[in-house]
Amino acid sequence: MGGDVCAARLVREQPDRIRSLLRDLSDTRFGQRVLRFESELSLMPPTAALTSALFEAFGYSRNREQMLRLARAVDWTSFAPRLHRLDRDSRTRLTLAALLGLSGWMPLRPSHASIAHLAPSEVTRLETIWEAEHASWAHAALTGTIWDIARVRPANHPVAHVATLAVLLGGHGTELVPVLLNAIRDKLPLEEILLQIVSGTSAPPLGADRAIAIAASAVLPFAVAYARLYGDDALEDDALRAWGALPAGSPSQSARRARQQVAGDVRITGFRERGAQGLLWLDRHYCGPRRCYECPIARAVVVDELAQPNSSMNTGSSSAC
C-alpha cells in the first residue's frame, strides 16, 4: 500500500470492472443524496427542498456554505407565492434584487454589475426594488465579506452565480419543480432543459458542465426522493434512467486527482456522469484520507494480484494504493 498509482493494470486489462466499481461508488453518493432529500421533503415543501440544493450546487466548492446561508436567508414559503403572481420578467427581477441584496452586494459596484451582465439602467431598477424590499429582509441579510473571492475568475464570482441562479429560480417560480419533473417524465435531456431556462436572458451563461452537475447532484436525486414520497414508481424509474444516461461533464479537480491515483497515464473511458461522480466519492472517502484498506478498487487490485501466477503479493509487496 502507498504507491503513486493503484490500478493501472486493472484499468488497462479489465476496464469493465473498474467502470462497474466506479458506478457502484457513484450510486452510493447518489443514494445518500436521495436519503437527504427524503428527510427534507418530510419537513418542507418540494420547492424549498429543491431550491436549497440548487443554491448549494451554485456555490461550487469555495462558496457552498455561503450559498446555503443565502438560501436559508430566504423565506421561500412566503416568497414563492409572491413570485407566482408576477410575470416572468418581474419574477426574475425581484428574485435577483432580493438575492443580491441578501448576499451583501447591494448597492452594486460597476465591476460587479459587469460580472452579472447588468446594464446601468437595470442596476438602477434592481437597487430601487431592493430599497423597497430591504426593510423586510434586513434581519436576514448577509455581508459581502463572507464570500471567498480571492483570485476568482469573473465567470466564477458569486455575483455571477447569484445572477444565473436568479434567472433559473425566477423563470418559473413555483412551477420550477413540475417543469423539471415533467422533463424527466418526458425523457428529455435534463441538462439541456436547465440550459434552456437560462438561455435567451442577459444572465451569465449556466454552462453545460454546471448543468450536468446540477442535474446529477440536485435535480435527479430530488426527483427520486419526490417519487418515493408520492408513490410515483414511473417517475422514479424515469429519474434513475436519466441518472444512468446523463453525459459526463468536464472532470473536476477532485475527479482528476482520483483518476490519476487509480489509473495514472492509462485512460479510463466509456463511463458517463454516473462514473465520474464515482471518482468524486473515491477522492473524498478513500484516496484523500488514504483509507486504502477500505477502498473497493484497492481490494479488487489485491484480489487480482493474488490470482496472478507470479504475484508480488506472494513475495510480500504490492502496488495497490
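Which helix gives the most to the lining of the largest cavity? Helix 5 does, with three residues. The points below concern a predicted model, and they begin with that cavity.

1. The largest cavity holds about 60 Å³ of space. Its lining consists of Thr-47, Thr-51, Trp-76, Ala-80, Leu-83, Leu-169, Gly-173, Thr-174 and Leu-176. Two elements give two or more residues each to this lining, namely helix 3 (46-58) and helix 5 (76-84).

2. **The second largest pocket.** This pocket contains about 250 Å³ of space. It is lined by 13 residues, and the closest to its centre are Thr-92, Glu-122, Val-167, Thr-201 and Ser-202. Helix 6 and helix 9 (158-172) are the elements that contribute two or more residues to the lining. The largest share, five residues, is supplied by helix 6.

3. The structure holds 17 salt bridges. In general, side chains of opposite charge can pair when their charged atoms come close. One of the pairs joins Arg-9 and Glu-13, at 3.1 Å from N to O. These two residues are about one helical turn apart, because they stand four residues from each other in helix 1 (residues 8-13). Arg-9 is partly exposed, at 27% relative accessible area. Another pair is Glu-40 with Arg-36, whose closest N and O atoms are 3.3 Å apart. Here too the spacing is four residues, in helix 2 (residues 15-41), so about one helical turn separates Glu-40 and Arg-36.

4. **A salt-bridge network.** The pair of Arg-36 and Glu-40 belongs to a network of salt bridges that also links Arg-33, Glu-56 and Arg-64.

5. Where does Glu-191 lie, and which side chain of opposite charge is nearest to it? Glu-191 is found in helix 11. Glu-191 is buried yet has no salt bridge, and the nearest side chain of opposite charge, that of Arg-272, is 7.7 Å away. A salt bridge would require a side-chain nitrogen of Lys or Arg within 4 Å of a carboxyl oxygen. Apart from neighbours within four places in sequence, the contacts of Glu-191 are Ala-211, Ile-212, Leu-246 and Pro-247.

6. **Cysteines.** The structure holds zero disulfides. The sulfur of Cys-287 has its closest cysteine sulfur in Cys-295, 5.8 Å away, which is too far for a bond; the cut-off for a disulfide is 2.5 Å. Cys-287 is buried, with a relative accessible area of 13%. Cys-295 also counts as buried, at 4% relative accessibility.

7. **Backbone geometry.** Most residues other than glycine have a negative phi, and most peptide bonds are trans. The peptide bond from Met-106 to Pro-107 is cis, with omega near -5°. Pro-107 lies in the loop between helix 6 (88-102) and helix 7 (110-115). Lys-187, although not a glycine, has a positive phi of about 60°. Lys-187 is placed in the loop between helix 10 (176-185) and helix 11 (190-198), and counts as partly exposed at 48% relative accessibility. Arg-290 likewise has a positive phi of about 60° without being a glycine. The loop that holds Arg-290 runs between helix 15 (273-287) and helix 16 (296-307), and Arg-290 is partly exposed, at 42% relative accessibility.

Technical notes. Residues numbered from 1 in each chain as written. Predicted model: local features only at pLDDT ≥ 70, side-chain atom pairs only at ≥ 80, totals over all residues. Heavy atoms only, no water. Buried < 20%, exposed > 50% of the residue type's maximum accessible area, 1.4 Å probe, protein only. Lys, Arg positive; Asp, Glu negative; His and termini not counted. Contact = heavy atoms within 4.5 Å. 1 Å grid on protein atoms, 1.4 Å probe; cavity = no way out; pocket = protein on both sides within 12 Å on 5 of 7 lines; lining within 4 Å. Points joined across faces, edges and corners; volume = space filled by probe spheres on them.
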